[in-house]
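Please read the following note beside the sequence and the structure.

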Amino acid sequence: MVSRVELFALIRRDARVEGLSVRALAERHGVHRRTVRQALGSAVPPPRKTPVRSSPVTDPLREAMDEMLRTDLDAPRKQRHTAHRIWERLLDEHDATIAYRTVSKYVAKRRPEIALEARSRAGVVAGFVPQTHLPGQDAEVDFAEVWVNVGGVDTKCFLFTLRMSFSGKAIHRVYSSQGQEAFFAGHIAAFTELGGIPAGEIRYDNLSSAVRRVCFGRSRVETDRWVLFKSAYGITTFYCMPGKEGAHEKGGVEGEGGRFRRRWFVPVPKIADISGLAGINDKLAAADRAEDARHIDQRTATIGHDFALEAPLLAALPTDEFDIALTTTPRVDRYARITVRQALYSVPARLIGQTVRAKLDAEELVVLHGSTEVARHPRLTTKGGQHLMLDHYLEVLAGKPGALRGATALVHARQKGWFTATHDAFWAAARSKHGDQAGTRLLIEVLLLHRRMSHAHVIAGIRVTLEAGSVSPDVVAIEARKHAAAAGDTVTVEPPRPRRSRSKVVSLPERRRDTELPQDSRPAPSVAAYDQLLRNTPRKGTAS
């Protein structure tokens with residue numbers, strides 16, 4: 001079948017070559033003479049006229065449907081009319097007999113037209129404007145949600161992203177929370193990886209880690225520690241407008257978080273416990289370096305090539321390291337626990353009632369008593385969560401052995417794999433031979449061995465002891481030392497707490513020898529003058 005464009009071309013050719021009249025051309029091509037005249041007047045066929053058909057059912061309802069669609073322009077996104085809801089309202093409120101398919105086709109056609117009419121009246125059109133960024137100047141920061149399987153449970157974590165605006169070079173780190181410590185740790189990791197700090201502005205949304213209160217316009221009341229951190233690293237901030245109004249102001253990092261999540265977090269990574277996030281971050285650092293070979297959009301240069309241009313233009317890193325840890329001074333409760341950020345952590349029971357110093361960073365909590373570290377825990381993010389170590393309660397359990405069976409610390413030790421089936425076997429054998437209380441105390445003595453010997457060596461000692469039919473902690477200690485000597489392992493996993501060394505007692509001759517005192521030239525002292533004190537003094541010429 002000949003198209004209208006080809007038909008017009010044939011009519012014009014026949015008229016030009018053969019000189020046929022309008023009537024002859026109409027008869028040859030089987031068209032109306034009006035079509036021939038259109039072809040002779042222009043090589044481009046005129047558009048076809050759309051016939052206007054009456055719709056006796058739809059026409060009376062057009063205004064009502066348009067009004068519903070116009071109210072959707074200001075309604076929340078999740079509470080707007082669907083085609084089915086409009087059809088229901090037409091049946092209920094207008095006694096209409098219109099079919100749902102008719103309403104659906106009309107809504108699909110009119111919804112974008114009404115939105116376009118509203119934008120035209122407002123004089124604002126939604127779209128994007130290309131931006132140009134100078135090398136080494138601007139960057140964007142944001143958190144994105146990711147899921148990590150922690151011990152068989154899907155857990156929500158947070159992906160920190162800092163993206164350079166010129167090259168698109170991005171640094172990613174994952175943390176268990178998006179608290180201020182993780183916010184600072186992400187910055188330090190990014191600046192260290194980049195080898196410098198953006199010399200221009202870094203764009204942020206209104207994270208509570210940085211902003212305490214949003215004021216009028218772009219003015220913000222910042223948190224004190226964020227002000228200190230900015231001052232230490234020389235950061236210049238740019239805060240985006242809240243909500244949808246400012247979402248486009250850091251669109252680069254918004255899209256980067258989703259893209260990186262789809263690329264490197266599918267399938268969902270699996271770790272044994274939350275401390276495994278350090279291993280994931282090592283893989284993310286390698287992934288960031290691998291992405292230097294990637295091209296963004298239609299750029300001819302790679303990310304790595306463009307970043308090489310801006311790396312020398314970054315501001316220098318500070319010489320002094322900023323301590324990102326939050327330091328608190330909680331008091332140890334009667335359960336040998338402290339509370340930090342609404343989570344509970346255990347400390348040695350000997351510190352009950354004492355005030356300790358807790359330093360919380362993005363990944364762990366370190367507890368200090370004076371200048372001595374007494375506990376170290378992975379950071380918890382669940383309100384009311386507990387992380388208890390069985391070793392901290394052994395002195396209490398030695399006096400209350402019956403409390404071990406239901407101890408929360410024992411449950412945690414089993415979950416972490418620290419308290420093994422071998423321990424259970426020893427416990428069962430000790431209770432069978434000596435009763436519950438005495439047998440439990442023997443187990444506690446064995447658990448105390450872990451403080452000065454490797455976990456694997458103690459386990460090996462327990463197995464040999466059980467095979468010999470004994471439940472003596474002394475035998476366990478001897479066999480554990482044998483196993484350590486056979487393995488050539490002289491380093492313990494959990495060394496004993498360092499004690500204050502006592503000064504060695506040095507004799508006077510040793511001190512004289514060490515200090516190399518000069519020789520004494522005085523004569524040796526005589527005791528002849530004291531002979532008169534003797535009662536029976538021998539006479540001259542007699543033997544004494």
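What distance should the 14 residues of helix α14 span, at 1.5 Å a residue?

1. The structure is a predicted model, in which local features need pLDDT of at least 70 and side-chain atom pairs count only at pLDDT 80 or more, whereas totals for chains, interfaces and linings use all residues. Residues are numbered from 1 along each chain as its sequence is written, and side-chain values use heavy atoms, without hydrogens and water.

2. Helix α14 covers residues 421-434 and should span 20 Å, which agrees with the 20 Å between its end C-alpha atoms. The expected span is 1.5 Å times one less than the number of residues. Helices are DSSP runs of H or I with at least four residues, and strands are runs of E with at least two, numbered from the N terminus.

3. In α14, the residues T422, H423, F426, W427 and A430 are buried (under 20% relative accessible area with a 1.4 Å probe, protein chains only; exposed is over 50%, partly exposed in between). These buried residues line one face of the helix, because they fall within an arc of 140° seen down its axis; the arc is that of the directions from the helix axis to the C-beta atoms. On the other side of α14, A421 and S432 are exposed.

4. Just after α14, G435 has a positive phi of about 95°.

5. The model has zero disulfides, a disulfide being a pair of cysteine sulfur atoms within 2.5 Å. C157 counts as buried because its relative accessibility is 0%, and C240 counts as buried at 1%.
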